[in-house]
Amino acid sequence: MSLTPAELQTYLSALITGNLKLSTMIWGPPGVGKSSIVQQIAQKHGLEFVDVRLSQLAPTDLRGLPVPEADGQGSGVSKWYPPEFLPRGGHGILFLDEVNMAPPTMQGMAQQLILDRRVGSYELPDGWFVWAAGNRKEDRASVFDMPAPLANRFLHLTTRADFDSWRNYALGRGLHEHVVAFLTFRPELLHRLDATQPAWPSPRAWEMASRLHRAGLDTAPAIGEAAGAEFSAFVRLYEQLPDLGLVLEGQGTGLRLPDEPSVRYAAVVGLAARANTADEAYHAFTWLADAGGPEWLQLYVATLVSKFQAIGQLGELAGLIGRDARLADLVQGTLAMTEV
């Protein structure tokens, strides 16, 4: 079952809402945000989150250490003392990351925890979900085959990179508008695995690139030389943009939207990213209605809706709908599409 990150969030939330404590395995290429999605789900539902990287553990790290205890009759037994990172109570998600990068002996130890919710003398509290994640062989990750008995006890979900889901996340997290605009123009570069290079574009890498770019540093160490060169060339196009600040203030009369498509993408996404109020959003819309065609209005509204949804300012959207029939139709149409 292949899902976008947004669809994966919906599915996982439904498991929690339905209290379906079914062991769940999330597959996907590196860098698409599998662990981030699970952590966001835990926060959304007020659950604790314990992230265990199985590939970094030895079997005794999970089962615990044997400690002799006297029985009062001159003999004794060994009792397994479980590790402190395993939950003792409450409600949460125990997330076993990189599960198929762990060697078979470690997977075998984890199998007892996944299937029976216990390992050694430790028992997982009732209020906890057990979810896991891993990369696929086709992603050229150093993975081991998952034992059939273990695989058969999991729900299997596969997630993939998806631009619309990433845009919502990026706008909500405040990633640099240059990064959002560039990937709106070149969405195929959101995720491009290159096993021959140490750095390549992925949602995770673009978040690092945003931080580097904001600090005035080259983004190539995060996204690779080729994508870094394209991004740098795109950023230079911003010198051709009209004064977006004047447009947002309603003073864009006389300003012209450049003809070059890449510059138009930069202008339209830049306006949506910078609009913080219904007034600013409306001023940008009216300017674009005169300066660009309907496809640019659609792109602007889609980006604007994603942003206001991501930052929890739906009231600003409500304030826009009554101002212009065209704007109301575009906003309502975009909202309807996101709910499908």
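Reader: Which residues of strand S2 point one way and which the other, and are they buried or exposed?
Author: From S2, Thr24 and Ile26 point to one side, whereas Met25 and Trp27 point to the other. Strands are DSSP runs of E with at least two residues, helices are runs of H or I with at least four, and both are numbered from the N terminus. A residue counts as buried under 20% relative accessible area, as exposed over 50% and as partly exposed in between (1.4 Å probe, protein chains only). By that criterion, Thr24, Ile26, Met25 and Trp27 are all buried.

Reader: What pLDDT do side-chain atom pairs need in order to count?
Author: Residues are numbered from 1 along each chain as its sequence is written, and side-chain values use heavy atoms, without hydrogens and water. This is a predicted model, in which totals for chains, interfaces and linings use all residues, local features need pLDDT of at least 70, and side-chain atom pairs count only at pLDDT 80 or more.

Reader: Which residue of S9 stands opposite tryptophan 27?
Author: Two strands pair if DSSP finds at least two bridges between them. S2 and strand S9 (residues 128-134) run parallel and are joined by four bridges. Within S9, isoleucine 26 has alanine 133 as its bridge partner, and tryptophan 27 has opposite it glycine 134.

Reader: Which residue of S10 stands opposite serine 2?
Author: Strand S1 (residues 2-3) is parallel to strand S10 (residues 155-159), and two bridges connect them. The S10 residue opposite serine 2 is threonine 158.

Reader: Which strands stand at the edges of the open sheet, and why is one side of each left without a neighbour?
Author: The open sheet has six strands with parallel pairing, in the order S1-S10-S2-S9-S6-S3. Each edge strand has a single partner strand, so one of its sides has no neighbour in the sheet. The edge strands are S1 and S3 (48-53).

Reader: What phi does asparagine 19 take?
Author: Asparagine 19 belongs to the loop between helix H1 (5-17) and S2. It is partly exposed, with a relative accessible area of 48%. Although asparagine 19 is not a glycine, its phi is positive, at about 55°.

Reader: Where does arginine 117 lie?
Author: Arginine 117 is a residue other than glycine with a positive phi, near 60°. Its place is in the loop between helix H4 (104-116) and strand S7 (118-119).

Reader: How many residues of helix H14 are buried?
Author: Helix H14 (residues 294-310) reaches 24 Å from its first C-alpha to its last, close to the expected 24 Å, where the expected span is 1.5 Å times one less than the number of residues. Its buried residues include Trp296, Leu299, Tyr300 and Phe308. Just after H14, glycine 312 has a positive phi of about 75°. Of the 17 residues of H14, the number buried is 12.

Reader: Which residues does histidine 213 touch, not counting residues up to four places away in sequence?
Author: Histidine 213 lies in helix H8 (residues 203-214) and is buried, with a relative accessible area of 17%. Contact means heavy atoms within 4.5 Å. With residues up to four places away in sequence not counted, histidine 213 touches His176, His178, Thr219, Phe231 and Val235.

Reader: How far apart in space are phenylalanine 185 and tryptophan 80?
Author: Phenylalanine 185, in helix H7 (residues 177-185), is partly exposed at a relative accessible area of 30%. Beyond four places away in sequence, it touches Phe234, Ser262 and Tyr265. Phenylalanine 185 and tryptophan 80 are 105 residues apart in sequence, and their C-alpha atoms are separated by 56 Å.

Reader: What percentage of the residues of the protein count as buried?
Author: The protein has 16 helices and 10 strands, and its C-alpha trace spans about 95 × 45 × 35 Å along the principal axes. Among contacts between residues at least 6 apart in sequence, 71% join residues at least 24 apart. Of the 340 residues, the buried share is 48%.
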